[in-house]
Amino acid sequence: MAEHSYDAPFEHLLRELAPQVLGAVARRFRDFSSAEDAVQEAMIAAFSQWPKEGVPENPRGWLIQVACRRMTDQMRSEIARRERETAVAAEAETLASLEIEADMDPDDTLNLLFMCCHPALTPSSAIALTLRAVGGLTTAEIANAFLVPEATMAQRISRAKQTIKASGVPFGLPSQTERIERLPAVLHVLYLIFSEGYASSIGSHLQRLDLAREAIRLTRNTKTLLPDNAEVAGLLALMLLTDARRAARSGPAEELIPLDKQDRSLWDRAEISEGIELLTAALAKGSVGMYQLQAAIAAVHDEAARVEGTDWPQILALYELLKRVAPSPMVTLNHAIAAAMVHGPAQGLKLLGALDNDPRMAGHYRLDAVRAHLLEKTGDYEAAIKHYRTAAACTTSIPERNYLITQAARLAGD
Amino acid sequence: MKYILMMTGKQSDFEGYARLSKEDLQANVAFMRAFSQDLKDCGVFVSTEGFGWPSEARLVRAGKNGEPVINGIFPESKEFLAGYWIIDVEGPEQAYGFAARASQAPAAGGMPANMPIEVRPILTGRADSGL
């Protein structure tokens, strides 16, 4: 079936309603996979009917009704196909006669998010499913964002749904304990969508969907659903405080501009204020997690009007906390940079040594890139050039590679 | 992460392929078709192409005025690209797994050829977000 691209004037409304409708239908029929297809068909029906007949008084109820009818039809034909017993047919009748609720349980959307960020899924599958089911994007839009054929993305989404079905985890509201257990996976998926979008938003990728904005929108919605969770707020703050620098971090030829060379007047003040406000409120709740700490680090950078004014001791202290709360090689790497800023490059290089035998960093260009940067600061240009070039050979990003080659050339020319 | 899996061969390999029996050729074609279908079913397929044979390859350079200067004679030892697959996977290990599968394409006598598949990461226009 051909998918429609959501365009005005229903785009916004339908995208907001899609996850709510899907959540309600999936809850009722306890079949996420079929519910997803049924909701897509209801959306398509809305596209063909609403322009002619106008938006119904209760668009959400309308969509739920159409999707449920579709589900029931599907069940009936399934029953006919399998020539099942009357008991199952009776069940379908009961379902068909169910009253359609006008009021929705906001937990349906949350439930859907938890389902899409299922622990059995690979990150790329969870991302695709979340964008489709919760984000209300079409498969074509998601495929375009990840530069793969639409059929491949459709297959990835379909496999993800099968995986969820096979896992045997029923579609139901997770208990409070399950929610706490699974929230990190949900936040991680939202974070990955954001960083994919942010990393890709160099220059003018006009054809590509803005995944960073989409991640912010989804995280904003998640925060509405879980208003008391400090880490959800922390993640939203992190996204806003990072996204605020978007306009400043690449030049006219799409070349990368590192943080210390950016024109800070291009930073988005509104996003920074909102991020800081969110973060302040989150930190006041007392349970400090990895997203709040990363947001706090981003906030310290964003608060410095000039690069010289950056409060590096504060950033170093935050990385030390982050190393304890959520240790990872990337955190060690960034901690080394902060330590170098406070105590000198030799201290930074010493800390990098801890990563030399870490298999998670093997062949990762960032270790060489950071080492090159610190070696340059110690005045060992020859070694710095060597590491810039090693990093350039390892990265899979063309803008990063160009940046690293330029760094090596700058030193070689001195 | 996108990777390209490149199947290469020398002139003699292409000649060997041209001399396959009907059954061996059918087995090879069926294998390739099933392999591409499997990439699609796994949701990792991006694209695949096969190329004309080395006898049709030309080396082109710009002449003094930018005009094409064409050469067509290659040493016997040169490796030629026969075809490729581009896949979008979680990481290099998954790419190596698919490459090993492609390497088993049957050749003469239906035996796996175990031909080398060159795997290279595809660069992106995106920057590392550095988060």
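I checked the length of H8(A) against its residue count. At 1.5 Å a residue, its 18 residues should span 26 Å, and the end C-alpha atoms are 26 Å apart, which agrees. After H8(A) comes Gly168(A), and I noted that its phi is positive, near 80°.

**Entry: the contact between the chains**

I then turned to where chain A meets chain B. I found 23 residues from chain A and 17 residues from chain B in the contact. On the side of chain A that touches chain B, the elements giving two or more residues are helix H8 (150-167), helix H9 (176-200) and helix H19 (398-413). H8(A) gives the most to that side, with 5 residues. By residue type, the side of chain A that touches chain B divides into 9 nonpolar, 9 polar and 5 charged. For the complex, the predictor gives an ipTM of 0.82 and a pTM of 0.82.

**Entry: chain A as a whole**

I counted 19 helices and 0 strands in chain A. Of its 414 residues, 42% count as buried. Among contacts between residues at least 6 apart in sequence, 60% join residues at least 24 apart. I have chain A divided into domain 1 (11-96) and domain 2 (323-414). The centres of these two domains, taken over C-alpha atoms, are separated by 53 Å.

**Entry: helix H11**

How many of the residues of H11(A) are buried? I found 14 of its 14 residues buried, and I put H11(A) down as mostly covered. The 14 residues of helix H11 (residues 230-243) of chain A should span 20 Å at 1.5 Å a residue, and the end C-alpha atoms are 20 Å apart, which agrees.

**Entry: Asp37(A)**

I located Asp37(A) in helix H2 (residues 32-53) of chain A. Is Asp37(A) buried or partly exposed? I count 17 other C-beta atoms within 10 Å, so Asp37(A) is partly exposed; a buried residue would need 20 or more. I also took the distance from Asp37(A) to Leu22(A): they are 15 residues apart in sequence and 9.3 Å apart in space, C-alpha to C-alpha.

**Entry: strands of chain B**

I followed strand S1 (residues 2-9) of chain B to its partners. S1(B) pairs with strand S5 (residues 80-88) of chain B in the antiparallel sense over 8 bridges. In S5(B), Asp88(B) stands opposite Lys2(B). S1(B) also pairs with strand S6 (residues 117-121) of chain B, in the antiparallel sense over 5 bridges. There the bridge partner of Tyr3(B) is Pro121(B) in S6(B).

**Entry: confidence**

Chain B has a mean pLDDT of 90, and 97% of its residues reach 70 or more. Chain A averages 86, and 88% of its residues score at least 70. Over residues 1-6 of chain A the pLDDT stays under 50, and the model has 12 contacts beyond four places in sequence for them. Over residues 93-103 of chain A the pLDDT is below 50 as well, with 8 contacts beyond near neighbours in sequence. Where pLDDT is low, the predicted coordinates should not be read in detail.

Key:
Residues are numbered from 1 along each chain as its sequence is written. Chains are lettered from A and ligands numbered from 1 in the order in which they are written. This is a predicted model: local features need pLDDT of at least 70, side-chain atom pairs count only at pLDDT 80 or more; totals for chains, interfaces and linings use all residues. Helices (H or I, at least four residues) and strands (E, at least two) are DSSP runs, numbered from the N terminus. A residue is buried if 20 or more other C-beta atoms lie within 10 Å of its own, exposed if 12 or fewer, and partly exposed in between; C-beta atoms are placed from the backbone. Two residues are in contact if their C-beta atoms, placed from the backbone, lie within 7 Å. The expected span of a helix is 1.5 Å times one less than its number of residues. Ala, Val, Leu, Ile, Met, Phe, Trp, Tyr, Cys and Pro count as nonpolar, Asp, Glu, Lys and Arg as charged, and the others, Gly among them, as polar. Domain bounds come from an automatic or database domain assignment. Two strands pair if DSSP finds at least two bridges between them. pLDDT is the predictor's confidence in each residue, from 0 to 100.
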